Amino acid sequence: MTDSEVYKQYLANTRASEELQCEIMLGAREGEDPCVLLLKACRAISSMTNSSLFAEQVEKSLRAVYGEGLGVKGPLEKE
């Protein structure tokens with residue numbers, strides 16, 4: 001990647017992270033499901049670190065433990 005491409009990716013990741021932070025703040029005020037907020041926070045961290053693997057692994061683990069293992073219905077159900 002060129003320096004220009006790296007900088008563009010950095011800006012896109014920063015924007016994505018800022019948008020997710022706003023969604024988290026709004027969701028917390030409106031009583032959004034904590035699991036949904038956690039997944040958004042993980043996506044924000046992934047954006048800031050340029051590593052989608054983190055968010056993917058957390059989501060996969062949450063689905064395995066809470067969705068499949070404990071049978072929790074709701075935001076962890078696959079669509």
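Analyst: Below, each label is set against its cut-off. This is a predicted model, where local features need pLDDT of at least 70, side-chain atom pairs count only at pLDDT 80 or more, and totals for chains, interfaces and linings use all residues. Residues are numbered from 1 along each chain as its sequence is written, and side-chain values use heavy atoms, with hydrogens and water left out.

User: What makes Tyr7 and Tyr10 a stacked pair?

Analyst: A search of the whole structure finds one aromatic pair. It is Tyr7 with Tyr10, at 6.2 Å centre to centre and 25 degrees between the planes. Rings of Phe, Tyr and Trp (its six-membered ring) pair if their centres lie within 6.5 Å; planes under 30 degrees apart count as stacked, over 60 as edge-to-face and the rest as tilted. So 6.2 Å makes Tyr7 and Tyr10 a pair, and 25 degrees makes the pair stacked.

User: And how are Tyr7 and Tyr10 placed in helix α1?

Analyst: They sit three residues apart in α1 (residues 3–29), so about one helical turn separates them. Helices (H or I, at least four residues) and strands (E, at least two) are DSSP runs, numbered from the N terminus. As a rule, an α-helix has 3.6 residues a turn, so residues three or four places apart point the same way.

User: How do you know that the length of α1 agrees with what a helix should span?

Analyst: The expected span is 1.5 Å times one less than the number of residues. For the 27 residues of α1 that gives 39 Å, and its end C-alpha atoms are 39 Å apart, so the two agree.

User: Why is Gly27 called buried?

Analyst: Buried means under 20% relative accessible area, exposed over 50%, and partly exposed in between (1.4 Å probe, protein chains only). Gly27 has 3%, so it's buried. You'll find Gly27 in helix α1, where Asn13, Ser17 and Leu20 are buried too. The buried residues of α1 pack against α2. Not counting residues up to four places away in sequence, Gly27 touches Glu32 and Leu37, where contact means heavy atoms within 4.5 Å.

User: Which residues does Ser47 contact, and is Ser47 buried or exposed?

Analyst: Ser47 is in helix α2 and counts as buried, at 14% relative accessibility. Neighbours within four places aside, it contacts Asn13, Ala16, Ser17 and Leu20.

User: What about Arg63, buried or exposed?

Analyst: Buried: Arg63, in helix α3, has 15% relative accessibility. Its side chain also makes a polar contact with the side chain of Glu59, at 2.6 Å.

User: What makes up the largest nonpolar core?

Analyst: Six residues: Cys35, Leu39, Cys42, Ala55, Val58 and Leu62. The elements giving two or more residues to this core are α2 and α3 (52–69). A nonpolar core is a set of buried Ala, Val, Leu, Ile, Met, Phe, Trp, Tyr and Cys residues joined through side-chain atoms within 4.5 Å.

User: How many disulfides does the structure hold, and why does Cys22 have no bond?

Analyst: It holds zero disulfides. The label asks for a pair of cysteine sulfur atoms within 2.5 Å. The closest cysteine sulfur to that of Cys22 is in Cys42, 18 Å away, so too far for a bond. For Cys35 the closest is also in Cys42, at 9.4 Å, again too far. Cys22 counts as exposed, because its relative accessibility is 55%.

User: How do you know that Asp33 caps α2?

Analyst: A side-chain oxygen of Asp33 lies 2.7 Å from the backbone nitrogen of Cys35, at the N-terminal end of α2.

How values were computed
A polar contact is a pair of N or O atoms within 3.5 Å; within protein, one must be able to donate a hydrogen and the other to accept it, and residues adjacent in sequence count only if both atoms are side-chain atoms.
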